[in-house]
Amino acid sequence: MQITDEFLRLEKTTIPEVGDPLGQQLMDRAKTYFGYELDDVKTYSVITVDKTMSEMAMGLIQDNFVNPVTEISSFEPLLKKAETEFDYVIHAHWGAGVRDNPGATALEDLLDMTPEAQGASVFSSKIYAIKGGVSKEDVEKLAAEMLTNDIVEGFEVYTREEWDDNVGIGRNTPFVTLNKEPQLDVIPLEDLTDEFLQKYSDERNLALHPQDIPIIRAYFHRDDVRAERRELSLSEGPTDIELEQIAQGRSDHCEHNTFKGIFTVIDKDTGEIVIHDNLFKKYIELPTIELAEARGGVPSLLWDNAGVDFFGPDHLYAITGETHNSPSNMEAYGGAITGIVGIYRDPMGTGLGFDMFMGAFGFCTADPEKIYQYQAKLNARRLLDGVIDGVKDGGNKSGIPTPFGNILFNDGYQGKALVFVTALGISEREIDGVPQELKTIHPGDYAIMCGGRVGKDGIHGVTAASEERTEGTPKGHVQIGDPYTQKKMQDFLIEAKKEGLIRFITDNGGGGLSSSCGETARQINSNGTSGLEVDIDKVPTKYDGLDHWEKWVSESQERMTVAVEPSKFDRFMELSKKHAVESTMIGNYNENGAMKITSGGKPIAYIRGELFKEAFPQWKFEGEWSSPEMRGLTEPVLKAPEDLGALLHKMLGRPNICSKEYIHRLYDHEVQGGKVIGPLVGTGENGVPNDMPSDAVVFQPVLGKKTGLVFTQALIPQYYGIDAGHMTAATIDEAVRNVIAVGADLKQLGGVDNFCWPSVQYHPENNPDGKFKAAQLTRTCETMKGACEAYGIPLLSGKDSMYVDGMNTDPETGLQKRISAPGTLQFTVSTPIEDVSKVVTSDAKEAGNLIYMIGTTKDERGGSEYFEMAESIGLNVPKTDYVANMKVYRKVVEATQGGYVKTSKNIKRGGLGVHLAIMAGGGNLGVDIDLSDVRTDKEHANDVIMFSESTGRMLFEVAPHHKAQFERIMGDSAYHIGNFTQQDYQVTGVNGKLAVDEGIMGLKRSFKKPNEDKCYVRGP
Amino acid sequence: MVTARTLVVTGFGLNCDKETAYAVEQAGSKVDLKHLNELFANPKMLREYQNLINGGGFSWGDDHGAGQIYAGRFIRKAGDELYKFIEDGGLVANICNGCQSATTMGIVPALGGDYKTPSVSFTANDCRNFRDQWVMLEVDPESPCVFTKGMDYIPLPVRHAEGKFYTDQDTLKEIQDKHLAVMRYVHWNTKERANGEQFINPNGSLDDIAGICDETGRIFGLMPHPEAFHSAVNHPNYTRIKDQLENVGMEMPTEGMGLKIFKNMVEYHK
């Protein structure tokens, strides 16, 4: 690449009459993050082209990139001292080699506009002119900690004196210049010892497990392997690309070695020892297969990129969920957008390809309102804002609704915050007689890489996810997702699939080509063989100088690997061109049983598929359980006032209870026209409908059909501190109640389990409570099996992220402290619903209607929101009786489908008091209930009944004229506790006195106020 | 009687194409869904259609302003045929991203019949961010717009980051005088004008304007999404309305009100 000094720089900004919303947002955030009161911020968008062009081309650029009504622009610096009052200028730009989406779209259009753009590169950046009484250090802090992240971006700060009107920011062209020939590193076979491999793994961040190393070493020393390599003229010892391939294939992220390990758990209370051999097989795989068979089969389970279940008679839906924690903790926006866009490639790479119709998110962070002594790379507020924005752009720009998500704050996420992403896709069951959930490679098929080019981005993301976050975590693994490129690719692949052009498809996510090609090389072909040969020189790169292994493991996003039969190749490429998607044939599938990579016609890697089938030893873990009582947990001593009104107000405003409307409003939940129930329901206030959260969402992925899909997720990590087993039962029970609350039945439930666990490998210094964490994990898995069997939920898909720990630093002293997250299980339940016109929502409908309840309220406030408010954990965690609950839930389904339930609301975190307020608030109605009518196991105080989190409980609104039918179906499972009224929330206590007497609108204020300023921003 | 043919374009990040095509079909038109590159390769294909829909999405990622690249590319590749299509009496509905593009192209409001000079813009929301919510819209009964004939009020969702209607005072006055401001944001219950009140008017649009048309009424640009209200179940208070109707012995209609806009489009050609 020839780099010259010539360049073109187009700057643009809005005219004063239009205002500067981006500048205003920056001022808001400067105040929230740092307490800086800025007077004004003016923003300028910049594109820099690394060559000069003719006047005519420059005119074209201005015509096409600048809005003539609202913007002004210039090829000279726009910011002039004489014209604008400012004290400082920040220029923020991408780092070399980081995905620059605006730069890429600008280049795409320039190339279409003028032949002069041939060979050009385009870079985007932003200028902020700041006025305000802050120091240069303050401005540098703003730039470094708010506007940019040194992992992906850079900045320069100019004072007014330093700013040169004629030069401006100068030339911003952050090229990657590697200036070297691709290298291949060969390890002499005689050097290949276990010690060497361990050292090599540490140095290159391969994260090889010590137990795996002898097997890998032995493979290369085998006589038959050596003979074969000689015949191929391949080095005797492994090449770097081979070891990278093996490490990627064996990483915990890909292989789930922890879940397949052997856990020896001792119960210290009883002395009993239990050996759990392969948690995955025992508690996930086998029960799921049985459950699937029990309901007549599930189309595709446990092997593909997503699980597949039936959706009505003619369609299938695919679902999967995962986390994107490590990158999001380094660069929140980039991590989250890469996560959501990445998960959309999983259904796309399932079967012959599913079209996305819905996504979901889950954010678990430290409390953004708190100041923590031990700090991570990003503070919680910045991290949360970043991940919210990342999912916003990733979801919205993909044209996929993002209607559901849990947001949860807990001090335990200081070390590592969690970002969950979930994707759902839809497909015809068959096209031209071809079942869409199956896929088979035929020897001779072409291997084609579609989508973006590869660069240094994301190298070693997978192995980094298999480690704790430390100072040494490689920064190169963070990247910026590109929903625009992926949307084009998705449109293309769905059209290709409908034409029957695809034989096999899988995504290039973690591990890049090493993962997708490694996986397809081992995939059993139509004739029982397997094998793939790839020419690494054909892989298109963003810039020259990448080593072979870098191309192979690069996680540059928005790529899929597709197998296409040779006769359909031309048509495939024609469609690719129509959709402006880059596709490249990089190899052929064969019958050789190995993964072979060549460069310049010579082999540089040859690994037999059988290496990965070798009996790698199971990882071993020790567990140690003792009951919460033995661990010394006790109930706090609390005495509630007679009037619980103030307590209820405070509960409704707590960070984990209060309204998250501001986040849902940022996410499109209407696109594709399938929304039936979105994230928010209710009459609303001030003329904006829908302001209360729904327990579940309902979408119609196939327009014109009555069938819908019900979706929900639950997570209650607050119970982990007492007992992860009961946590798991409560979580799954909550998710089941959520779906029946909107009208789903129990015939075809599907589950997705997403585990995020702190490290379970005991180490006396580094992880002294590792045995307890391991025991908690086994309890969770055992309980999940029991709950799934009771509720009939096969696990369609699931993922685990096993290292949610971090070393945080006290900036005052430099002292570092290890912080482990609570073991977290996000459980998803989805199910088709036959007729969406019969759905039920959770917002109360009419004064005078009756309020019924199911379930028994016990003194189960251990780990509850109420105890958390009282700065306690407690002991009495909710315990779940699935079998008893299931009997009642069946009646709930019958009553709801009979049309006798006007409104249905799940009682979950915060208890009866909170969820009755959310239900009533949805209709801006009051309630009049009597706590002595609430079924309890024994006598309890008012605050216990109002705030206990006993599972198996729900609320229903029933019209007086449906009373008899409702009661006939429900029998004694449901009981009447009061009525909806005009506007006052009145609760009579067990002693007959009023325990709560509050206006509903006031309670709604308390629920909405904490985040209202984030929603209701006054414009310029 | 001729059945109208409608072209819905897609590709390059547009994403409302499927439900738009579905709604148009429900409204009784034949519909073709084509990639923009197919149209650009053969702009004369426009001659086979009576209606064109530039729909919602994030064309080219909206990286350089919403609809900015779309507008330039469309005019460069198919501008002449588009102008001919308009001149020959074709209807163009421009929804959300399509509306942002159409105003940047200048085909709406096209004051004085000038379809080449942009005079208004839909720019960044006052709330400084993307926002998804349902709004209540008042239709100007004196508007020449053929898409809104016989309509008075309609609830629809908005989902955009750049939907604030902006123009200079003279242009605004001309638009008002000629009744080209087809739709305005109003209060949900009282149906009074929003008068800029935050989130009744969701983005800070001048004069609460949500949709505009050209002087012939055949070119329509609107930020709300009629195609996302093709079925009654899309309504944000579907269960509540159904309950209220049932209480007085009435049945819930199955169709969404957004279809009316596409039905008017089909009806126009009859």
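**A loop in chain B, and beyond**

Guide: B:Asp208 sits in the loop between strand 9 and strand 10 of chain B. Helices (H or I, at least four residues) and strands (E, at least two) are DSSP runs, numbered from the N terminus. This is a predicted model: local features need pLDDT of at least 70, side-chain atom pairs count only at pLDDT 80 or more, and totals for chains, interfaces and linings use all residues. Residues are numbered from 1 along each chain as its sequence is written, while chains are lettered from A and ligands numbered from 1 in the order in which they are written.

Start with the backbone. B:Asp208 has a positive phi, near 60 degrees, and is not a glycine. B:Phe199 lies in the loop between strand 9 (181-186) and strand 10 (209-213) of chain B. Its phi is also positive, about 75 degrees, again without being a glycine. Most residues other than glycine have a negative phi, and most peptide bonds are trans.

Are these two residues buried or exposed? B:Asp208 is buried, because 23 other C-beta atoms lie within 10 Å. B:Phe199 counts as buried too, with 20 C-beta neighbours inside 10 Å. The cut-offs are these: 20 or more other C-beta atoms within 10 Å is buried, 12 or fewer is exposed, and in between is partly exposed; C-beta atoms are placed from the backbone.

Another loop of chain B has a cis peptide bond. That bond joins B:Val108 and B:Pro109, with omega about 5 degrees. B:Pro109 is in the loop between helix 4 (97-105) and strand 5 (121-123) of chain B.

Now the cores. A nonpolar core is a set of buried Ala, Val, Leu, Ile, Met, Phe, Trp, Tyr and Cys residues joined through C-beta atoms within 7 Å. The largest has 273 residues, and A:Val698, A:Val742 and A:Ala920 have the most contacts inside it. Helix 23 (residues 724-741) of chain A gives this core its largest share, 10 residues.

Next, the meeting of the chains. 59 residues of chain A are in contact with 61 residues of chain B. Contact means C-beta atoms, placed from the backbone, within 7 Å. On the chain A side, elements that each supply at least two residues include helix 1 (21-34), helix 3 (101-113) and strand 24 (675-677). Helix 3 of chain A gives the largest share, 6 residues. That side of chain A divides into 22 nonpolar, 21 polar and 16 charged residues. Here Ala, Val, Leu, Ile, Met, Phe, Trp, Tyr, Cys and Pro count as nonpolar, Asp, Glu, Lys and Arg as charged, and the others, Gly among them, as polar.

Stay with helix 3 of chain A. It has 13 residues and spans 18 Å from first C-alpha to last, close to the 18 Å expected. The expected span is 1.5 Å times one less than the number of residues. Its buried residues include A:Asn101, A:Pro102, A:Glu108 and A:Leu110. The buried residues of this helix pack against strand 2 (40-49), helix 2, strand 5 (122-131) and helix 16 of chain A, together with helix 3 (68-87) of chain B.

Note on methods: Contact = placed C-beta atoms within 7 Å.
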